[in-house]
Amino acid sequence: MTPKIKLSKDQIQKLALSSIGLIVLVYVYLNFFLGPLNKSRASMEATIADLQQKLGSSKGEMARADSLQREAGTATTRYAALQALAPEGAPIAWFPPRMKAFFANQQIDKAGARLGNSTALKEPELEAWSNYSWLIDLPQADFSTLGNAIAQLENAEPLLSINKINIRILPDQPQFQQVELTAYTVMQKK
Amino acid sequence: MALHLNLLHEEITEQRQRQRDPLKLGTFALIAIGALMVLFYVFKAYQTLETKNRLSGVQHEWSGIEAKVTAAQKRSRELTTMVSTTRVLDSMIEKRFLWGPLLARLSRCVAPNVQLVNVAGSAEEKLVSITIDGIAAGREPRAAAEELRQLLSEQLGQSYAETKVEFKTLEDLDTLINVSGTNMPVARYSINVTLSPKPPEAVATAPVTSAARVKR
C-alpha cells in the first residue's frame, strides 16, 4: 500500500507556483528560443533550395546562350547589315539627299523626296522599328532609265518598298515622263 | 523464527516522507526537463549552424556565377529578339513587290504605234493593280490596242499569278496622227491590270499543300 503524501498548504502553494513556472518556461522555450531557431533554419533551407534551383537552371541557361550565339551568327551579321542601312540621325535629314544623289547617279535629275508620315509597325518583334512613308518625285525621267533606276533602288534598299507608282507623259516633251513614287522604308528608331 | 522489533518506526517513516517530498521530486524533474530542453536546443542550434554553413557555400557559388548567368540571360534575350526581328524583316523584304521587273516587261510590250500616256500602279499585300492609259495608232487602232492587251497578258502571266488584263475603255478618236509618214486613225484606251505578287508556280502549288495538310 502506498503511503499517503500529505501536503501542507505551503507545499501546495509552492507546487502550484512551480507548475506555473514550468508552463511559462516551456512557453518561453518554444516561442523565444526553439521557434525562431527553427524558423531561421527553414528560411535558410528554402533559400538553399532556391539557389540550387537557380544554379541548376543557370548552367542550362549559359549553355543555351552559347549555342544560340553560335547559331545566330548569320542572323547577327544580317541584322547588323540591316541596321547599317540607316545612318544615325533623323531620317528626314538624310533620306531625301540620299534619294537625290541616288537618282542623279542614275541620270535622273531633280529628284525630290518628302516625308509623308511615320507609323509604328504592328509586328511585336519590330517595336524598335518604324515605318516611314516617302513621296518621291522625279519630274523628268526617261522610261528605260527609270526602270533601271527603280530596279537598282529596290536592290540597294532592301527595306524600301514602293507602294504606288504614277508615270505620266510630259505633254511638251513626250520622250520624258514625270514620275511619282510612294515608298515605305522600315528604319530603326534612333 | 526470530522476532524483529522496529523501535525506529517513526524515524524511518519520516525519512521515507523526506525522500518522497514532492517539492524535492518536482525540483529534480524540473532540472531534468530543463537539461533535456537545453540539450535539444543545442542539437537544433548545431543543425542550424550546419545549414548556415551550407547556405553560405551555395551563396558563394551563386555569387561567383550570378554575373555570368545574368549576362548570358541578357545576351540570350538580345539574340532571340534579334533573330526574330531579322526573320520578320527578311519576310518583309521577300514579300515586297518589285516594280523593276514589271516595268521591264511592260516596256517589252509597247509597240512603236502604241503610246502610254499614264501608268498608275499600286501594290497591296495580295494584289497589284495597274491602270495604263494611252493611245494606239494604225489602220485598225483598236486591234493595235488589243495587241498590247494580249501582249501584256502574256508577258505578265509568265511572271505573276492571277494576272487579269482588261480594257476599261477603248474609244476611237476623231484625230489622225502621222506614223512613219502615214496618217493613221487613233484610239484611246485604258487598261486595267490586276495580278498577284506571287510567282505563278507558288500559287499553283498552294492548293496542293493545303490539301495535303487536310489529308494529314
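In what order do the eight strands of the open sheet stand, and in which sense do they pair?

Guide: This is a predicted model, in which local features need pLDDT of at least 70 and side-chain atom pairs count only at pLDDT 80 or more, while totals for chains, interfaces and linings use all residues. Residues are numbered from 1 along each chain as its sequence is written, chains are lettered from A and ligands numbered from 1 in the order in which they are written, and side-chain values use heavy atoms, with hydrogens and water left out.

The order of the open sheet is β1(A)-β2(A)-β4(A)-β3(A)-β1(B)-β2(B)-β4(B)-β3(B), and the pairing is antiparallel. Strands (E, at least two residues) and helices (H or I, at least four) are DSSP runs, numbered from the N terminus; two strands pair if DSSP finds at least two bridges between them. At the edges stand β1 (112-120) of chain A and β3 (161-179) of chain B, each with a single partner strand, so one side of each has no neighbour in the sheet. On average, neighbouring strands are turned by 15° against each other, direction ignored. Such angles run from 0 to 180 degrees between N-to-C directions, with axes fitted to C-alpha atoms, for helices over the stretch in contact.

Within chain A, β2 (residues 129-141) and β4 (residues 177-188) form an antiparallel pair over eleven bridges. N131(A) has V186(A) in β4(A) as its bridge partner.

In chain B, β2(B) and β4(B) are joined in the antiparallel sense over ten bridges, and A137(B) is bridged to V186(B) of β4(B). β4(B) also pairs with β3(B), again in the antiparallel sense, over 14 bridges; here F167(B) has I191(B) as its bridge partner. The hairpin of β3(B) and β4(B) has two residues between the strands, and S180(B) takes a positive phi near 50° there. Helix α4 (residues 141-159) of chain B lies across β1 (114-123), β2 (128-137), β3 and β4 (182-196) of that chain, at about 155° to β3(B).

Technical notes
Contact means heavy atoms within 4.5 Å.
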